[in-house]
Amino acid sequence: MRLDKFLALASVGTRKIVRNYVLEGKVTVNNQKIEIPAAEIDENADDIRYLGKKVVQIGKMYYMFHKPAGCITARKDENSKTVLDYFDIDNMDGLFPVGRLDKDTEGLLLLTNDGEFNHRLMFPDKHVEKTYFFWAFGSLDVEAQNHLKMGINIGEDEALAKAIKIEVIEEGLYQELKDKMNINEINIHKVKDIRRDSYPQLVVSGYLTISEGRKHQIKRMLKAAGCYVVYLKRVSIGELILDESLEKGHYRELTEQEINKLYQNDLITSA
Ligand code: URA
């Protein structure tokens, strides 16, 4: 097995992080410093150490978390509540979030101690689809939807961002739809700001699917299409759908079937 893969599987860090550890000379194999992440090792016979400590395989953990708005996707933070603050399990040491959701975004977030799993879901080459439900101020006619599907400019020096799928669910006046919009506390100010400008205003809801994970990607794509997001929720990653019986702020272990689904998705999409 490759050395970087073994280290990620043993939860020393994500593939990217462990590769750097190897390049920085922090890893030894049978007492010899190895600085080649792709070096082949025998995981059953070799003595592999990170900063002198023997690396051993530990039990893998995979959790589905229904992220509420208001917490940040990090392990620790000085000022804000983090997603890890919602967890109360014995072995939290190696647990980390797979990818990132903004502070005001709700929905499906996976947490694991398996760096390899993280790599398979997050590595851009894997093209794992993520679907988000949104409410936004603005409207999305067929032309705007096609623009999103063809690829839209979300910033200089960046490749166009493409929607794999877009489905508009509802469109109408804010006044008529505001009770459905579910806007959370931290986004109320956005509505106040936008409503100062002009009346009447159109709002739109829908699902947008992307296969990349650039910063604020959905918000930036919809902004480029003339819409201003005031509610965002991730509903699926690959074949895995958020379990709606899981209340916001709650978590549960993924079933074996769900873990397999995610691995299967990787095999299909990276083929
Ligand atoms: N796109 C965004 O704009 N925000 C998220 O949290 C996730 C995707």
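S80 sits in the loop that runs between β5 (62-67) and β6 (96-98); helices (H or I, at least four residues) and strands (E, at least two) are DSSP runs, numbered from the N terminus. The model is predicted, and local features need pLDDT of at least 70, side-chain atom pairs count only at pLDDT 80 or more, while totals for chains, interfaces and linings use all residues. Residues are numbered from 1 along each chain as its sequence is written, and side-chain values use heavy atoms, with hydrogens and water left out.

S80 has a relative accessible area of 18% and is therefore buried (under 20% relative accessible area; exposed is over 50%, partly exposed in between; 1.4 Å probe, protein chains only). Residues up to four places away in sequence aside, S80 touches I72, D85 and K103, where contact means heavy atoms within 4.5 Å. With K103 there is also a polar contact between the two side chains, at 3.4 Å. A polar contact is a pair of N or O atoms within 3.5 Å; within protein, one must be able to donate a hydrogen and the other to accept it, and residues adjacent in sequence count only if both atoms are side-chain atoms.

## Nonpolar cores

The largest nonpolar core holds 33 residues, and L95, L111, F134, L140, L148, M221 and L222 have the most contacts inside it. Two or more residues of this core come from each of β5, β7 (106-112), β8 (130-137), α4 (142-150), β10 (202-210), α7 (217-224) and β11 (228-237). Domain 2 (62-125 + 239-267) and domain 3 (129-237) each supply at least three of its residues. Another core lies apart from this one and has 15 residues, including M64, L110, I237 and L242. A nonpolar core is a set of buried Ala, Val, Leu, Ile, Met, Phe, Trp, Tyr and Cys residues joined through side-chain atoms within 4.5 Å.

In α7, Q217, I218, K219, M221 and L222 are buried, and their cover includes β8, α4, β10 and β11. Neighbours within four places in sequence aside, L222 is in contact with F134, L140, L148, L208, C227 and V229. G226, which follows α7, has a positive phi, near 95°.

Helix α3 (residues 115-122) is mostly covered, with seven of its eight residues buried. At its start, a side-chain oxygen of D114 comes within 3.0 Å of the backbone nitrogen of E116.

## Ligand site

Around the ligand are L101, D102, T105, Y132, H216, Q217, I218, K219 and L232, each with a heavy atom within 4 Å of the ligand. The side chain of T105 has an N or O atom 2.8 Å from an oxygen atom of the ligand, and a backbone N or O atom of I218 is 3.1 Å from a ligand nitrogen atom. On its own the ligand has 240 Å² of accessible area, of which the protein covers 96%; areas come from the Shrake-Rupley method with a 1.4 Å probe, and for residues only the protein chains shown count as cover.

## Whole chain

The chain is divided into domain 1 (3-54), domain 2 (62-125 + 239-267) and domain 3 (129-237), with bounds from an automatic or database domain assignment. The C-alpha centres of domain 1 and domain 3 are 43 Å apart. Eight helices and 13 strands make up the secondary structure. Of the 271 residues, 49% are buried.
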